[in-house]
Amino acid sequence: VFSSIEPGIPNEIFALHEEFCNDPYKKKVDLVKGAYRTDEGKPWVLPVVRKTEIILANDENTFHESEHFLGSSEFTYAATSLLLGENSVAIQDKRTLGVQTLGGTGALSIGAQFLKKCLGRSHFYLSDPHWKAYEIIIMQAGFEKSSCYRYWNAEKQYIDMDGLSEDLSKAEPNSVVLLQACAHNPTGCDPTPEQWAKIASLMKKNRLFPFFDIAYQGLASGDMDKDAETVRYFVDQGFELMCAQSFSKNFGLYGERVGSLTIVSNCAHTMPHIASKMINIAEGNYLVPPLHGSRIVASVLKKPALFQEWQSCVKTMLNRIIAMRSGLKKRLEALKTPGSWDHITSQRGMFCLIGLAPAQIEYLRKKHHVYTLENGRMNVAALTPSNLDHVAWSIHDTVLN
Ligand code: PLP
């Protein structure tokens with residue numbers, strides 16, 4: 001029965017991770033996987049997460065009963081409020097729905113399924129370059145067509161606003177456009193408020209549907225409200241939209257699969273219908289979402305003292321990332337490595353698109369055992385005081401060869 005099965009689409013991150021694990025070189029550096037590491041190169045359980053887990057474990061009212069199909073309403077309310085703001089008019093008007101999902105990926109996935117199955121959308125636009133997983137997600141949801149809009153001028157290391165505007169103005173009306181709210185993966189470069197205003201006006205004119213993805217709230221500027229301001233701006237402009245939210249990075253809950261899909265509509269009376277279709281999609285995919293991670297997030301977001309502690313944990317991560325970015329730039333400048341390295345510090349979030357050609361990236365990996373994605377995306381959150389010299393020297397040697 002199964003003998004005719006061809007291999008699936010390979011996942012670059014897993015393939016490189018396997019190569020990294022099998023590499024016997026002592027000073028090898030893994031900058032592939034998008035996960036935060038401490039100065040010692042270790043994963044970090046946020047102290048506020050550890051503390052909340054202990055509180056929950058000792059609470060006799062913590063049961064392992066399954067939740068509603070749409071997840072815990074305490075969690076989705078907290079997640080939607082973090083996204084749209086405490087005083088969001090859309091929330092007050094009851095024009096929003098929050099669905100608890102299996103990470104940000106799960107939110108993108110059930111959102112795309114809804115758009116295809118319930119709204120008959122067929123064409124998806126992604127930024128060029130984009131996070132590769134989007135392609136599989138939209139394909140699995142049944143979208144017939146996906147295209148790219150220009151986003152990045154690799155030579156000048158900034159957003160190609162002319163190309164982006166031209167592509168969005170020519171996009172098929174009613175298409176879905178994936179927009180990352182902050183800390184764009186992989187470029188680390190976000191549009192300015194003026195550029196977002198232009199994007200919004202083009203999308204309105206061309207009747208394009210905004211599907212936001214916010215996987216790094218807090219890790220772009222350190223300010224939760226600021227990092228969500230683009231989504232809020234689109235809501236204020238009267239857009240109906242979806243937003244996939246991930247708590248993997250800003251809570252360090254990678255394996256617990258905590259995410260939320262927020263839907264904003266312009267009419268409150270359609271919300272029960274949207275909810276009932278979403279229930280069908282959740283039922284068909286996994287029935288009910290998991291409990292553990294969402295309990296932690298909900299507990300932290302709703303208690304001011306824990307919320308403060310969480311914000312300071314996010315700042316700790318962000319400050320370490322910023323220090324590593326400037327450490328790498330300083331070293332390259334001290335080595336007089338040809339080229340400009342300003343983009344290392346001007347880009348934000350966990351990633352830096354280093355700006356080397358694919359052949360150089362291969363050289364960096366094969367000769368110096370420094371692993372990055374083929375497009376040059378490096379996880380700067382995995383740089384440490386002990387690997388910075390090696391990474392900088394390796395980039396220097398790669399550029400000279
Ligand atoms: N969106 C972007 C841009 C991401 O980089 C990621 C994770 O790497 C996600 C969504 C999905 O996050 P999660 O791990 O919560 O599924």
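User: Which residues surround the ligand?

Analyst: The ligand is surrounded by Gly34, Gly103, Gly104, Thr105, Trp131, Gln180, Asn185, Asp213, Ala215, Ser246, Ser248 and Gly259. A residue is near a molecule if its C-beta atom, placed from the backbone, lies within 6 Å of it. This is a predicted model: local features need pLDDT of at least 70, side-chain atom pairs count only at pLDDT 80 or more, and totals for chains, interfaces and linings use all residues. Residues are numbered from 1 along each chain as its sequence is written.

User: How many of the shell residues are nonpolar, polar and charged?

Analyst: Two are nonpolar, nine polar and one charged. Ala, Val, Leu, Ile, Met, Phe, Trp, Tyr, Cys and Pro count as nonpolar; Asp, Glu, Lys and Arg count as charged; the others, Gly among them, are polar.

User: Which element gives the most to that shell?

Analyst: Helix H5, with three residues. Helices (H or I, at least four residues) and strands (E, at least two) are DSSP runs, numbered from the N terminus.

User: New topic. What is the strand order in the sheet?

Analyst: The order is S2-S10-S9-S8-S7-S3-S4, in an open sheet of seven strands with mixed pairing. Two strands pair if DSSP finds at least two bridges between them. The edge strands, S2 (96-102) and S4 (145-150), each pair on one side only. Neighbouring strands are turned by 25° against each other on average, direction ignored. Axes are lines fitted to C-alpha atoms, for helices over the stretch in contact, and angles run from 0 to 180 degrees between N-to-C directions.

User: How do S3 and S4 run, parallel or antiparallel?

Analyst: Parallel, with six bridges joining S3 (residues 123-128) to S4. Asp128 has Arg150 as its bridge partner in S4. For Phe124, the partner in S4 is Ser146. The chain goes from S3 through H6 to S4, and this β-α-β crossover is right-handed. That means that, with the strands pointing away from the viewer, the path from the first strand over the helix to the second runs clockwise.

User: And which helix does H6 pack with?

Analyst: H6 (residues 133-140) packs with H5 (residues 103-117), at an angle of about 35° and with their axes 8 Å apart.

User: Which residues meet there?

Analyst: From H5, Thr105, Leu108, Ser109 and Ala112 meet Ala133, Ile137, Ile138 and Gln140 in H6. Contact means that the C-beta atoms of two residues, placed from the backbone, lie within 7 Å. This contact has five nonpolar residues, three polar and no charged.

User: Where are the cis peptide bonds?

Analyst: One runs from Asp128 to Pro129, with omega near 5°. Pro129 sits in the loop between S3 and H6. Another runs from Asn185 to Pro186, with omega near 20°. Pro186 is in the loop between S7 (176-180) and H8 (193-205).

User: What is phi of Ala183?

Analyst: Near 50°, a positive value in a residue other than glycine. Ala183 also lies in the loop between S7 and H8. Most residues other than glycine have a negative phi, and most peptide bonds are trans.
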